[in-house]
Amino acid sequence: MNKTIRRASVFALLLVFALLVRATWVQFYEGQALADDKENRRNTIALYSEPLGNIVVGGEAVTGSARTKSGDLAYKRTYTDGALYAAVTGYSSQAFGATQLEGIYQDLLDGTDNRLKSVLDTVTNKRSDPGNVITTIDPDVQKAAYDALGDKKGAAVAIDPTTGKILAVVSTPSYDPSRITTGDSDAWEQLTKDADKPMTNRALRRPLPPGSTFKLVVAAAALEDGLYSSVDEKTDSPDPYPLPQSSDELTNENPSAPCEDASIRVALQYSCNNVFGSMAVDLGQDKVRAMAEKFGFNDDEQDVPVRAYESVYPKDMDEAQTALSGIGQFDVTATPLQMAMVSAAIANGGKLVSPHMVSQITDGGGDVLENYDDNAGTKEIVSSDTAEQLQSAMQTVVEDGTGTNAQIAGATVGGKTGTAQRGENNSKTPYAWFTSYGKADGEEVAVAVVVEQSDAARSEVSGNGLAAPVAKKVMEAALNG
């Protein structure tokens, strides 16, 4: 063999060897990364090659799978009452991925969760039958909240205080996930560019200034700290309250309300800003923050199991800002979930059971893989004495205060209204809040409602006018169940 042929042969062998090395590298080292790449169409084809498992509400599936008529995807996701349950299910789309319960439990719902595999499935690498997600949502409570919010922009959350089960998660305006399951780009663009943001989960993922509903947290801090011994002890609260280090004063919405040196009960009844602004300064921001964090504020890992946005009680405030934080203004923010948790803990004797909206996950045959009801943790937020006193004061708010629109015949109802100001010099329409609890015939529920926008005149925007009637409907549905 001459030199030229020999060199060419060696070079060819080196090329073959390089190709073998590269193929081996891709197969054994990069293969999984390529398989998992979101741009890999085979993953989507595999995902929708068979029916998915279901999300179940009240014993009935609110999701399904339907055979497609064309294309390389055999099935598409379907939804029953999609707009009603969108804040619970999220969506599973052939083009846009999956969110909320659909996303969190995607492996369970598509049958790739290792807990679903039998020995034979493991040996043959066969895709297992999909599992199901059993929610804690009560369909009657969910529908009551959705119907009561109607065309208002807002949200509602209902929790069973004794178990932590979330009975309703509603956000309006809503959307039907069925519109985007097949990757309709026009529908996607319309939904994502809608100024009303129908795909935003306002119940869990839109923290807003909670206004006077936050006064419950400040009252809890004052009672636990011993600043005041009871809700009926008079406070040291001038009316109006001069903000420290400022020429401004903290005034009250109702100038004729008996707010000067008012007790916590009277201050909650009439929603006296001067009392809670003064109280927050007397306690100091650190003590107020500590109580807020016990209720769940400043927790950036609040999973129910959908990750809720963090509700915030700020740091490094001066005394004037601390006073404003005491009435749920300045940089204080909260989700409806968070304010429902406040009422739930108070209603449950000071103990907060971890809120969750999934009861169980099961395999295709119905065997339970995990039971979240049994694993719901409980922590003491305030003493039973403090909780009982706040319950009593909240009942006064509903019976003879700013929350009378939440009264329910035959039930014990406590609540707190909030009208959160916003915009420069309060130029924008305020947010209307109501957080509450109801008890009747052994049933209990805690509800928080926020109305961001409605067709009501600005002068009619209040927690009692807009949010309390919604909360009443939700509580009635839960207590009559």
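Modeller: Strands (E, at least two residues) and helices (H or I, at least four) are DSSP runs, numbered from the N terminus. Arg 77 sits in strand E4, residues 75-79. This is a predicted model, where local features need pLDDT of at least 70 and side-chain atom pairs count only at pLDDT 80 or more, while totals for chains, interfaces and linings use all residues. Residues are numbered from 1 along each chain as its sequence is written, and side-chain values use heavy atoms, with hydrogens and water left out.

Colleague: Why is Arg 77 called buried?

Modeller: Buried means under 20% relative accessible area, exposed over 50%, and partly exposed in between (1.4 Å probe, protein chains only). Arg 77 has 1%, so it counts as buried.

Colleague: What does the side chain of Arg 77 reach?

Modeller: The backbone oxygen of Gly 64, at 3.2 Å.

Colleague: Which residues of helix H7 are buried?

Modeller: In H7 (residues 139-149), they are Val 141, Gln 142, Ala 144, Ala 145, Ala 148 and Leu 149.

Colleague: Why do you say that the buried residues of H7 line one face?

Modeller: The arc is that of the directions from the helix axis to the C-beta atoms. Down the axis of H7, the buried residues fall within an arc of 165 degrees, so they line one face of the helix.

Colleague: What makes helix H12 mostly covered?

Modeller: In H12 (residues 273-283), 10 of its 11 residues are buried. Among them are Phe 276, Met 279 and Leu 283. Just after H12, Gly 284 takes a positive phi of about 90 degrees.

Note on methods: Polar contact = N/O pair within 3.5 Å; in protein donor to acceptor, adjacent residues only side chain to side chain.
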